[in-house]
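Dear colleague,

Please find below the structure for your review.

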Amino acid sequence: MMLLIKLGKKGFFMKRTAYIYDESYFWHNTGHGALFIPAGGYVEPDSYVESPESKRRVKNLLDRCGLIKELDVINPRHASKEEIGYYHTPEYINKIKSLSDSGGGDAGDSYTPFGKGSYEIASLSAGGAITGVDVVMEGRVKNAYVMSRPAGHHAEADCGRGFCIFNNVVIAAEHARKKYGINRIMILDWDVHHGNGTESAFYNDPNTLFVSLHQEYNFPSDRGFAEHIGEEAGIGYNVNIPLHPGTSNAGYIYAFEKLIVPIANRFKPELIIVSAGQDASIYDPLSRMMVTTKGYKEMTEIVKGIANRHCNGKLVFCHEGGYSTAYVPFCTLSIIESLSEIDSGVEDPFGIFHANMPVIDRLMDHQKESVDKVVELLSPYWNLDKEIGKADVLSNVR
């Protein structure tokens, strides 16, 4: 493994990638349910799919393989009430604080349960995203992976949704603007569920390019359509890429090649934030997609290429969903390997089971057509006539 990367501003050797987490993230209590609904009636109590395990096991795997020693492990800080208010309404913030102090409740109408003390944990999760922006913008590291929990991309300004309380990436993006004067920010959301809260925050904003790849008609089923391209000055800057169930590595990479990279090259972001949900994986219980560790590494490589071309590699990943406790750690490890440019030596232990599935790396016609539809829709805004091949996509990755 390569331990030391380059000299930092103060003359000491710096590591390339920060890993930001706090033990409190694993103490956020979502209670007992089954999959994503509360227990009761004929639904026997179980653990919600949004449990600490898929996240804690990422840290355990990093420890077990030794990669954690090669990362700059950083403790997050709490986001202040003012910082949370960059997006969320005072009434909503006060509601979460009150419920948290009195034992817990639900941050929305349903599906966002939390226990006593989760306000502080959620503020630490948002603060982790802010910390990620700070260490990247100030040059302490090249990029950062934030093990944020609770997740954030479903949270709207005035309500929680889908296990999300505060919208971590929105708060982090607004922090970057206010503190560092950044103008153009790209937010890439590859969580299998549409990032409705993030979309709402920037739907009219031409300075934020929001791109969401997600399984069509999944949660929330009424959001994320290709035709939702923004409003007013923000038209064209909201890019939804709804993908068919069964889309695998090849379909995702095609979306990057054909759509995401050319738009990003025209937008020229000054900072990239990724909502990294590893729930499009082949083994996730809440999706029907087929992305493997290889796919996540390839997508990360492409995003690094965009960042290196336009913003000196400034890249912050914030963990979102991912509900296969067995497979999420390996998907996330592949991302962190790519970010850090260090090979842990860990092979995908599940690879033997899907290695011979031809659909994993084969682009199906209907998958290609779903992406091409979005290309056609957005071509008037981004001049997407030029074909961009994989060699161009992966150029300047280092």
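Which residues of H1 meet which residues of H9? From H1, Ser54, Arg57, Val58, Leu61, Leu62 and Cys65 meet Val328, Pro329, Phe330, Thr332, Leu333 and Ile336 of H9, where contact means heavy atoms within 4.5 Å. By class, these residues divide into nine nonpolar, two polar and one charged; Ala, Val, Leu, Ile, Met, Phe, Trp, Tyr, Cys and Pro count as nonpolar, Asp, Glu, Lys and Arg as charged, and the others, Gly among them, as polar.

Some notes on provenance come next. This is a predicted model, in which local features need pLDDT of at least 70 and side-chain atom pairs count only at pLDDT 80 or more, while totals for chains, interfaces and linings use all residues. Residues are numbered from 1 along each chain as its sequence is written, and side-chain values use heavy atoms, with hydrogens and water left out.

Helix packing

Helices (H or I, at least four residues) and strands (E, at least two) are DSSP runs numbered from the N terminus. The axes of H1 (residues 53–65) and H9 (residues 328–340) come within 8 Å and cross at roughly 55°. That angle makes H1 oblique to H9; angles under 35 degrees count as roughly parallel, over 145 as roughly antiparallel, 65 to 115 as roughly perpendicular and the rest as oblique. Axes here are lines fitted to C-alpha atoms, for helices over the stretch in contact, and angles run from 0 to 180 degrees between N-to-C directions. The crossing of H1 with H9 is right-handed, a term used if the near helix is turned clockwise from the far one by less than a right angle, anticlockwise being left-handed.

The axes of H8 and H9 also come within 8 Å, crossing at roughly 30°, which makes H8 roughly parallel to H9. H8 passes H9 in a right-handed crossing. On the H8 side the contact is made by Thr293, Tyr296, Lys297, Thr300, Glu301 and Lys304, and on the H9 side by Phe330, Cys331, Ser334, Ile335, Glu337, Ser338 and Leu339. Five of these residues are nonpolar, four polar and four charged.

H7 (residues 249–267) packs against H8 (residues 293–310) at an angle of about 10°, with the axes 10 Å apart. H7 is therefore roughly parallel to H8. Among the residues in this contact are Phe256 and Ile260 of H7 and Met299 and Ile302 of H8. The contact of H7 with H8 has 10 nonpolar, four polar and three charged residues.

Cavities and pocket

Three cavities of 30 Å³ or more are found in a search of the whole structure. On a 1 Å grid over the protein atoms alone, a cavity is a set of points where a 1.4 Å probe fits but cannot get out, a pocket is an open set with protein on both sides within 12 Å along at least five of seven lines, and lining residues have an atom within 4 Å of a point. Grid points are joined across faces, edges and corners, and a volume is the space filled by probe spheres set on the points.

The largest cavity has a volume of about 40 Å³. Its lining includes His153, His154, Cys164, Asp191, His193, Asp279 and Glu320, and by class comprises four nonpolar, five polar and three charged residues. The largest pocket holds about 260 Å³ of space. Of its 13 lining residues, Phe36, His193, Asn218, Phe219 and Leu286 lie nearest its centre; the lining has seven nonpolar, five polar and one charged residues.

Backbone features

Most residues other than glycine have a negative phi, and most peptide bonds are trans. A cis peptide bond joins Arg149 and Pro150, with omega about 0°, and Pro150 lies in the loop between S10 (143–146) and H5 (168–180). Another cis peptide bond joins Phe219 and Pro220, with omega about -20°. Pro220 is in the loop between S12 (208–215) and S13 (238–243). Glu232, placed in the loop between S12 and S13, has a positive phi near 50°.

Yours sincerely
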